[in-house]
Amino acid sequence: MKRKILVAVLAASLAFSTWTVESIFAAGSNPESKLKQIQEDKTKAKADLNQARSALNEQKKKLQDLEKKVDSYDQQIAKYTQSLAENQKMLEKQESKFKKILVRMYQEGQMDYTVRLLEAETFSEFLARFETVRIIVKQEKAILDNYINIKRKIEKEKAAIEKEKQKQAPYLEAARNEYQKLVKSVSEKNQNLKHLEHQEELTREAIEEKNRLVREASGRYSGTGTGELMWPANGRMTSPYGWRNGRMHEGIDIANDIGTPIYAADSGTVSLMKSDPDGYGYYIVINHGNGLSTLYAHMYRSSVTVSLGQRVRKGQRIASIGNNGRSTGPHLHFEVHKNGNPVDPMPYLQ
Ligand SMILES: [Zn+2]
């Protein structure tokens, strides 16, 4: 029984740590995917926490029931102990009374009783007197025996309850240990959830920071685009723009081999070049003017052939497809920003 619980706890904690590790390494190809992964992990973590909490509550109830049971045994034992003490008192009282009677009879016997017995005028009178003494002794003896019997009975019942209490001891200990384990488990799962919430916040901040940088950059540089964009790379679109599974993908993904050329989607000025090893890898923003900017991500810095502030022509090669940053396969993450906000690139692409 105990072993079974241990195995279950072990299995649960293993499963728990496995998906936590997975969540770190199997994240998506950009901060949005990362955010999605974190949110999925958070849902799991919440369910995990709730499960642990209800297991804890159940165990708490079990433990309380057991403690109540043992407590009632303790109360019974206390009652028996008191009864025994009372009985003992009565027994002692009776014994001393009996002793007094015996002493008195002895003393009286010395001075009086024996004399009186012997002075009996007839044998039948002697017998009657003798019988009286005998009855008194017999009665006292019966009362004493009764107390002794009661004492034995109480002791027996008390011992039985103590045995029952002893039987509960290992269950109580196991229940307490299990309870402590669950308390620890709840606290760990709570911490994991807090950690994920923190990660979520950081990732959100990273996405906001990227959008802020793009906005700033478009203010610093002037662009001269046509407003019509060409496909920035050959390849297969593996992920469109938009909400998917509760997360926002702020661009499109174009998958192709590493080294595949990336072209400026329109004429403009290179307005931002930034390394983001935990997210977009190395990324470039080109300002095309009229509030339009494009962003290219997951490149390696070494593949980039333009520099900050450089004017580029539409179709000019600016870099190569990479697999840099939080990316699970070679692809270009391409965003279009209109007046500082990411928008769907598709209507702009020819
Ligand atoms: Zn993407």
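**Strand S11 and its partners**

I looked up S8 and S11 to begin with: they run antiparallel and are joined by six bridges. Strands here are DSSP runs (E, at least two residues), helices are DSSP runs too (H or I, at least four), and both are numbered from the N terminus. I took two strands as paired where DSSP finds at least two bridges between them. S8 covers residues 292-299 and S11 covers residues 331-338.

I noted the basis of the model before going on. This is a predicted model, in which local features need pLDDT of at least 70 and side-chain atom pairs count only at pLDDT 80 or more, while totals for chains, interfaces and linings use all residues. Residues are numbered from 1 along each chain as its sequence is written, and side-chain values use heavy atoms, with hydrogens and water left out.

I then checked strand S4 (residues 252-255), which pairs with S11 in the antiparallel sense over four bridges. There, Ile-254 has Leu-332 of S11 as its bridge partner. Strand S12 (residues 341-343) also pairs with S11, antiparallel, over three bridges. Val-343 in S12 stands opposite Val-336.

Is S11 enclosed or open? Seven of its eight residues are buried, so S11 is largely enclosed by the rest of the structure. For burial I used relative accessible area: buried is under 20%, exposed is over 50%, partly exposed lies in between (1.4 Å probe, protein chains only).

**Two positive phi values**

I looked at the S11–S12 connection next. The two strands form a hairpin with two residues between them. Asn-339 lies in that loop. Its phi is positive, about 50 degrees, although Asn-339 is not a glycine. Asn-339 counts as exposed, at 57% relative accessibility.

I found another case in strand S8: His-298. Its phi is near 80 degrees, again positive in a residue other than glycine. His-298 counts as buried, at 0% relative accessibility. For reference, most residues other than glycine have a negative phi.

**Aromatic pairs**

How many aromatic pairs does the whole structure hold? My search finds two. The ring centres of Tyr-280 and Tyr-283 are 5.4 Å apart and the planes are at 50 degrees, so this pair is tilted. My cut-offs for rings of Phe, Tyr and Trp (its six-membered ring) were centres within 6.5 Å, with planes under 30 degrees apart stacked, over 60 edge-to-face and the rest tilted. Tyr-280 and Tyr-283 are both buried.

Tyr-296 and Phe-334 make a tilted pair as well, at 5.3 Å centre to centre and 50 degrees between the planes. This pair links distant parts of the chain, with Tyr-296 in S8 and Phe-334 in S11, 38 residues apart. Both Tyr-296 and Phe-334 are buried.

**Nonpolar cores**

Which residues touch the most other members of the largest nonpolar core? Of its 24 residues, they are Ile-262, Ile-284, Ile-286, Tyr-296, Ile-318, Leu-332 and Phe-334. I counted as a core a set of buried Ala, Val, Leu, Ile, Met, Phe, Trp, Tyr and Cys residues joined through side-chain atoms within 4.5 Å. S4, strand S7 (281-289), S8, strand S10 (317-320) and S11 each supply at least two residues of this core. Another core, of 15 residues, lies apart from it and includes Ala-45, Leu-63, Leu-66 and Leu-172.

I listed contacts of Ile-262 (heavy atoms within 4.5 Å). Beyond four places in sequence, Ile-262 touches residues including Pro-232, Tyr-296, Met-299, Ile-318, Ser-320 and Leu-332.

Ser-320 is in strand S10. It counts as buried, at 9% relative accessibility. Its side chain makes a polar contact of 2.7 Å with that of Arg-317. That term means N or O atoms within 3.5 Å; within protein, one must be able to donate a hydrogen and the other to accept it, and residues adjacent in sequence count only if both atoms are side-chain atoms.

I ended with Tyr-348, in the segment after S12. Tyr-348 is partly exposed, with a relative accessible area of 22%. Beyond four places in sequence, its contacts include Gly-227, Leu-292, Val-336 and Val-343.
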